[in-house]
Structures are given as structure tokens and as C-alpha cells.
Amino acid sequence: MGGTRFIGVFLSRLLVKEGHQVTLFTRGKAPITQQLPGESDAEYADFSSKVLHLKGDRQDFEFVKTSLAANGYDVVYDINGREAVQVEPIIEALPNLQQYIYCSSAGVYLKSDILPHCEVDAVDPKSRHKGKLETESLLTSRGVNWTSIRPVYIYGPLNYNPVEEWFFHRLKAGRPIPIPGAGNQITQLGHVKDLARAFNLVLGNPKASKQIFNISGAKYVTFDGLARACAKAGGFPEPELVHYNPKEFDFGKKKAFPFRDQHFFASVEKATSELGWTPEFDLVQGLTNSYNLDFGRGTFRKEADFTTDDMILDKKLATV
């Protein structure tokens, strides 16, 4: 479910390489396959000739039921499911389903002073990801063999969330980088290819049966450290960092910074010990990979918008 935007693009390639027959269920609005930066013509031709497509809207529950039942799939990878109601027709359509592998989020954890977040930690039923929690509960209650992956922040080529891209835009423009608070808030990023490998490792793995795994990078980083790591990755000079108090501004509906203004990171120890998974990318390596295969080639998802930056910088100048 999904598969043409970001995570699924990398995961589907791994699955096809391992000899699985992969069908992408999408609305068909985006191209079903696209050649990745750095992917040879032969590799792309091989992948695109093997992947199948089922066109439909997952909100059309009757179509989901009939089309999936007719094809009788063994495993479902649900990359874009947000609500339990979207998952129910899939389970009903596939009574002999061997495994349901779900992309949840580390955003489900209850905010805590004690970190890193572990899979057994308390969750927040009011979180904006509550639909993902409800999906995990549904899968458990229906007796399905499920696995849930909870990524923290994901980055890498084709990222549609402005994670590294937000920093790269400012670095390329030679602008100061506004960072909330003292900049020592600790967060965590995981490369999309490492996430795809984790999704592949849980497939048919008895150790992953009815289990949740946090997946992200092996190390944590401060906001200031992330800005410097992005500069290093893109070959930019040391950035000028400007710290500000978000409470002094009214940004309206605009987001002035792409991360939660808090400590937010999770332990990946369970995935390492149970699945034998370890991230291949350290942070600077991974950001360099993302820059070289995406932003550094002049491709990005969102145009630069420095509106909130200017509000912060104007106020800083006025107080100097």
C-alpha cells in the first residue's frame, strides 16, 4: 500500500531483488516507477519490468476488499496507512494473509523525561499519530501475524518531508540558520535505505511476529549538530546559527523549524539484537548520500520559503 513516493520506492527494489512478486497499490496519479538517481538503466529496466500495479483508492473500501481478495496476496506492506478503518478491509479481504507489516511512527510515544523511547514505553492516545496506535491495536485484536515499524525522523533521497532539505535550502542560499531555544535539543534521524532494509528483514521472520521495532540512526544529534552535519554533507562552510525563543513569535500556520522542539529519540537496540539489523549510514555519510543524489543535483520537493526566518532575523537585528 503506497510505494511510489519515498520509503516504498527503496523497499520495493529490495523485495524485487530478492525474487518476490511485488504489486504496488496506488491511485495511479504519480508514475508507478521512476529511475532513481545513481540507478543504472539496466537496473531500472529490470525493476520496472517486474513490479506490478493495482490502481485504486484505499479509501474505497469495497474496491479494496474485492480487488485484494481476487489476487489473494501473502503479505501486505502498509507504508501509507494512517487510520485503522483503512486497514480493516485489507484484513477482511485476505483471510490467509501470512503477515501484515505496518509503518507506524515513534511519534506515538508519550512525551517523557526518561529517554530513549523503547518499544515497551507508554504511548500517547492523543498524539497526532493515534490512528497508527489504533491500527496496531486492530491488528492485535484480529489475530493477524503483524509487525510494526516505528521510525523516528526519516531522511534520504526523495524525502518529501522537509528534514535535510530545510537545512540545505538555507545553506545553499548562504543564510543564517534559525534554531529554536539553545539548539541543544537532542533528536535522531534514520536513512530511508536503512529503514527499507529493516522492513525487508522482518518479512517472514518469526522473531518479528506480533512485534514492534523502533528504527532510526544509531546515534543521536543536537539541532545545532544537525545544522553543522548538513553543512559538512553538502560541502558548505560552517553555518551561522541564530537561536530564538519561539514564544516571542506568531508564525501563523507556517512552520519555522522542521522538528519537534524537544528531546526526541528512540532506542534501536531491539532491532539490532532480535533482527541483526544495524544502520549502514552514519549521519554525515547519510546526509552526504542524500545531498549528492537529490538536493545537490538541483532536485527538491518544496521551494525555499524564508518568511519565518526573516521574521526571526529582523527581530534579532532590532534588538542588537
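Student: What makes the lining of the largest cavity, and which residues belong to that lining?

Tutor: In this predicted model, the largest cavity is lined by Gly156, Leu158, Asn159, Glu164, Glu165, Phe168, Ser290, Asp294, Phe295, Thr299, Phe300 and Arg301. Helix α6 (residues 164–172) gives the most to this lining, with three residues. By class, the lining has four nonpolar, four polar and four charged residues.

Student: Why is this space called a cavity rather than a pocket?

Tutor: The word cavity is used because a 1.4 Å probe fits at its points but cannot get out, whereas a pocket is an open set. The largest cavity has a volume of about 70 Å³. A search of the whole structure finds three cavities of 30 Å³ or more.

Student: What lines the second largest cavity, and how much space lies in that cavity?

Tutor: About 60 Å³ of space lies there. The second largest cavity is lined by Pro151, Val152, Tyr153, Ile154, Gly190, His191, Asp194, Leu195, Ile215, Ser216, Gly217 and Trp277. Two or more of the lining residues come from each of β6 (153–155), β9 (189–191) and α7 (192–201). The division by class is seven nonpolar, four polar and one charged.

Student: Which residues lie nearest the centre of the second largest pocket?

Tutor: Gln21, Val22, Thr23, Tyr73 and Val75 lie nearest its centre, in a lining of 26 residues. The space in the second largest pocket is about 610 Å³. At least two lining residues are supplied by each of α1 (7–17), β1 (23–26), β2 (52–55), α3 (61–71) and β3 (75–78). The largest share, four residues, comes from α1. The lining of this pocket divides into 15 nonpolar residues, 10 polar and one charged.

Student: Why are α3 and α4 called roughly parallel?

Tutor: α3 and helix α4 (residues 84–93) pack at an angle of about 30 degrees, with their axes 8 Å apart. Angles under 35 degrees count as roughly parallel, and therefore α3 is roughly parallel to α4. The crossing in which α3 passes α4 is right-handed.

Student: How do you know that the peptide bond between Leu115 and Pro116 is cis?

Tutor: The omega angle of the bond that joins Leu115 and Pro116 is about 5 degrees, and the bond is cis. Most peptide bonds are trans. Pro116 is placed in the loop between β4 (99–103) and α5 (130–141).

Student: What makes the phi of Leu158 worth noting?

Tutor: Phi of Leu158 is near 80 degrees, a positive value in a residue other than glycine. Most residues other than glycine have a negative phi. Leu158 is found in the loop between β6 and α6, and Leu158 is also one of the residues that line the largest cavity.

Student: Where does UniProt place a domain, and what is the make-up of that span?

Tutor: The unreviewed UniProt entry places the feature "domain: NAD-dependent epimerase/dehydratase" at residues 1–215. In the model, the span is 34% helix and 19% strand, and its end C-alpha atoms lie 20 Å apart.

Terms used:
Residues numbered from 1 in each chain as written. Predicted model: local features only at pLDDT ≥ 70, side-chain atom pairs only at ≥ 80, totals over all residues. Heavy atoms only, no water. 1 Å grid on protein atoms, 1.4 Å probe; cavity = no way out; pocket = protein on both sides within 12 Å on 5 of 7 lines; lining within 4 Å. Points joined across faces, edges and corners; volume = space filled by probe spheres on them. Nonpolar A, V, L, I, M, F, W, Y, C, P; charged D, E, K, R; others polar. UniProt positions renumbered as here; feature names shortened; annotations may be inferred. Axes fitted to C-alpha atoms, helices over the stretch in contact; angles between N-to-C directions. Parallel < 35°, antiparallel > 145°, perpendicular 65-115°, else oblique. Left-handed = near helix turned anticlockwise from the far one by under 90°.
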